[in-house]
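Trainee: Hi! I'm new to this one, could you walk me through it?
Mentor: Happy to. Let's bring it up and go piece by piece.

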Amino acid sequence: MLEVTSTAQELSLGVDFAEIYKKSDLYRRNKALIEDLSKPAPGAKELYFATQYSQSFLTQCTACLWKQHWSYWRNPPYTAVRFLFTTVIALMFGTVFWDLGSKTKTIQDLSNAMGSMYAAVLFLGIQNASSVQPVVAVERTVFYRERAAGMYSAMPYAIAQVVIEIPYIFVQACVYGLIVYAMIGFEWTVAKFFWYLFFMFFTLLYFTFYGMMAVAVTPNHYIAAIVSAAFYGIWNLFSGFIIPRPSMPIWWRWYYWICPVSWTLYGLVVSQFGDLTHMLEDGDNETVEQYLRNFFDFRHDYLGLVAAVIVSFAVLFGAIFTVSIKMFNFQRR
């Protein structure tokens, strides 16, 4: 508006305000003052800051974690609906697979119990990975703006995004585990119950971190959803339930070992049934433990190793998400 007004006045008066200013004493005085101020005073030192950001790394992590806490707390369409969905699915699975965990006399009984674990892992895991992707995409847009303003660096933000998911997933795993474990009728021992919670917690954790990782390495959550869906199908195929590992072609068995769902199924089955020594009614004179070893190559002795691998997948996906947030920038402006 000022430019239009000035131009109209110049046309009406027939003058050029810029030329008048350049020929004035005020212009010469201002130019001399700028040159004088641009010269540092004797003994003066250049401005220097030891770090790029005003706060330490730990303080940035604390601030980002507090920010994420309130962001998640004020996002009930994501947090509350996830808990509600988990409760409904737990009740549904509990009624569909009612008391199957206590029936281990035949091979079909074992297959039914394994099917309940397999279905629950894929159903809840994919739901977690899919629902977190739009949330991470929105948060990343905010992160680009706040990082440009110099508020914090990428690593504290990514670490806070990873850490804030842990308590929510822990509560989710506990709610689901208590309902399903009781309704399906698995053996009530302290060790087996906590092994079940352990594997469900870290399975939901690595599925959630996988969804976050997919967003971090792609421009938006739409592309992330497409990429993720492809791997869900592959994980389903190589989980070891549809096709046991000994029955897979030998040139494809390598993927079984890097498929996180196969390790989850391994751990859940072995922790619940891997130590049962009673004979199967329809087996070839085999115990439950021997059948799992011969048909699936599941060994109860490797339970600790399986647990370590499951934790490693969660750490790996979380670390890739953190590094990707730092390295990749999909901002268009």
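This is a predicted model: local features need pLDDT of at least 70, side-chain atom pairs count only at pLDDT 80 or more; totals for chains, interfaces and linings use all residues.

Trainee: Which residues does UniProt list for a domain?
Mentor: The unreviewed entry lists residues 59-273 as "domain: ABC-2 type transporter transmembrane". In the model, residues 59-273 are 79% helix and 0% strand, and their end C-alpha atoms are 47 Å apart.

Trainee: Changing topic: how much space lies in the largest pocket?
Mentor: About 220 Å³. The pocket is lined by 10 residues, and the closest to its centre are Arg 140, Thr 141, Pro 219, Asn 220 and Phe 330.

Trainee: Which helix gives the largest share of that lining?
Mentor: Helix α6, residues 107-148, which supplies four residues.

Trainee: And how do the lining residues divide into nonpolar, polar and charged?
Mentor: Four are nonpolar, four are polar and two are charged.

Trainee: Let's stay with α6. What's going on with Glu 146, is it buried or exposed?
Mentor: Glu 146 sits in helix α6. Its relative accessible area is 12%, and because buried means under 20%, Glu 146 counts as buried.

Trainee: What is Glu 146 in contact with?
Mentor: Setting aside neighbours within four places in sequence, Glu 146 is in contact with Lys 67, Met 151 and Tyr 152. The side chains of Glu 146 and Tyr 152 are also joined by a polar contact of 2.3 Å.

Trainee: And Ala 148, buried or exposed?
Mentor: Ala 148 is in helix α6 too. Its relative accessible area is 67%, so Ala 148 is exposed, the cut-off being over 50%.

Trainee: Okay, next helix. Where is Gln 172, and is it buried or exposed?
Mentor: Gln 172 is in helix α7, residues 154-184. Gln 172 is buried, with a relative accessible area of 0%.

Trainee: Which residues is Gln 172 in contact with?
Mentor: Leaving out neighbours within four places in sequence, the contacts of Gln 172 are Arg 82, Phe 83, Thr 86, Leu 124, Gln 127, Asn 128 and Leu 204.

Trainee: Now the loops. Where is Asp 275?
Mentor: Asp 275 lies in the loop between α11 (260-273) and α12 (288-296). With 36% relative accessibility, Asp 275 is partly exposed.

Trainee: What is Asp 275 in contact with?
Mentor: Beyond neighbours within four places in sequence, Asp 275 is in contact with Lys 192, Val 270 and His 300. With Lys 192 there is a side chain to side chain polar contact of 3.2 Å. Asp 275 and Leu 110 are 165 residues apart along the chain, and 13 Å separates their C-alpha atoms.

Trainee: What about Arg 245, buried or exposed?
Mentor: Arg 245 is in the loop between α9 (221-237) and α10 (253-257). Although Arg 245 is in a loop, its relative accessible area is 10%, so Arg 245 counts as buried.

Trainee: Which residues does Arg 245 contact?
Mentor: Apart from neighbours within four places in sequence, Arg 245 is in contact with Arg 253, Tyr 256, Trp 257 and Asp 297.

Trainee: Asp 297 came up there. Where does Asp 297 lie?
Mentor: Asp 297 is in the loop between α12 and α13 (303-327). Phi of Asp 297 is positive, near 60°, in a residue other than glycine.

Trainee: And what is phi like at Asp 99?
Mentor: Asp 99 has a positive phi of about 60°, although Asp 99 is not a glycine. Asp 99 lies in the loop between α5 (79-96) and α6, and is partly exposed, with a relative accessible area of 30%.

Methods:
Residues are numbered from 1 along each chain as its sequence is written. Side-chain values use heavy atoms; hydrogens and water are left out. On a 1 Å grid over the protein atoms alone, a cavity is a set of points where a 1.4 Å probe fits but cannot get out, and a pocket is an open set with protein on both sides within 12 Å along at least five of seven lines; lining residues have an atom within 4 Å of a point. Grid points are joined across faces, edges and corners, and a volume is the space filled by probe spheres set on the points. Helices (H or I, at least four residues) and strands (E, at least two) are DSSP runs, numbered from the N terminus. Ala, Val, Leu, Ile, Met, Phe, Trp, Tyr, Cys and Pro count as nonpolar, Asp, Glu, Lys and Arg as charged, and the others, Gly among them, as polar. Buried means under 20% relative accessible area, exposed over 50%, partly exposed in between (1.4 Å probe, protein chains only). Contact means heavy atoms within 4.5 Å. A polar contact is a pair of N or O atoms within 3.5 Å; within protein, one must be able to donate a hydrogen and the other to accept it, and residues adjacent in sequence count only if both atoms are side-chain atoms. UniProt positions are given in the numbering used here, feature names are shortened, and annotations may be inferred rather than shown by experiment.
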